[in-house]
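Please examine the structure shown below together with its sequence. The briefing that follows is grouped by topic.

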Amino acid sequence: MKILIVEDEHLIANALKKGLEQEHYTADLAFDGEKGFDLASSGDYDLILLDLMLPKMNGFEVCNQLRQQQIHTPILMLTAKGQVEDKIKGLNNGADDYLTKPFAFEELLARIRALTRRPQKSASEIITIGDLSLNLSTYEVIRQGKQINLSSKEYSLLECLMRHANKILNKDQLIQHVWSYESDILPNTVEVYIRNLRQKIDQPFKTKLIKTIRGFGYKISE
Ligand code: CA
């Protein structure tokens, strides 16, 4: 899960990023509306946390222009004001939800979960491929009844593969989903992480779930 944080107060932005990373999200930062809009235009994010009062472009403008460009990433608007008309304006401009600052981090997490929950997954927070299951709310990874401990990045990588089960993802796509843009990740790093992941989820078991599609990338399938 990749989240874009558009917030000009560096302290808040960095605290949000850190908190979200502890919850196994990948987070990118933008400190003004223009940069936020540029990053969000890529459509690479699963959710955008968008502050309202921002330099260069305010939150309403960012929201409005993204929707005009057919970018439908869920947007959670952060407003310091808590005024009813701002919330209505935000929702009219295409935001999906809003949260008034200051807010409890737990509440933010609950809103994020609600907005990123895919409709078909609403009944279950568990993704399963064969005898491997991944619990999106507890981060538990279990294969054949055994709990597998993964690092935060390994978990994100597995989650990404499992959300796109049976589809081939190339290294660039995996980098986009799992690492934030400011970290200089080389395609070789992906190989290293895939190898580590295989050691934990595939090697101790008979069937190999992670497949290398030579020249294309990786996929997870039964
Ligand atoms: Ca602000």
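In strand 11, Ile 220 is the bridge partner of Ile 210; strands here are DSSP runs (E, at least two residues), numbered from the N terminus. The model is predicted: local features need pLDDT of at least 70 and side-chain atom pairs count only at pLDDT 80 or more, while totals for chains, interfaces and linings use all residues. Residues are numbered from 1 along each chain as its sequence is written, and side-chain values use heavy atoms, with hydrogens and water left out.

**Hairpin**
- Strand 10 (residues 210-213) pairs with strand 11 (residues 217-220) in the antiparallel sense over four bridges; pairing requires that DSSP finds at least two bridges between two strands.
- Three residues separate the two strands of this hairpin, and Gly 215 in the turn has a positive phi of about 85°.

- Four strands, in the order 6-7-8-9, form an open sheet with antiparallel pairing.
- Strand 6 (126-129) and strand 9 (146-148) are the edge strands, each pairing on one side only.
- Strand 8 (residues 141-143) pairs with strand 9 in the antiparallel sense over three bridges.
- Arg 143 stands opposite Lys 146 in strand 9.

**Calcium site**
- Asp 8 (OD), Asp 51 (OD) and Met 53 (O) coordinate the calcium ion at 2.1 to 2.3 Å.
- Along the chain, the donors of the calcium ion follow the spacing D-x42-D-x1-M; donors are N, O and S atoms within 2.8 Å of the metal (3.2 Å for Na, K and Ca), and the site may look incomplete because water is not among the atoms.
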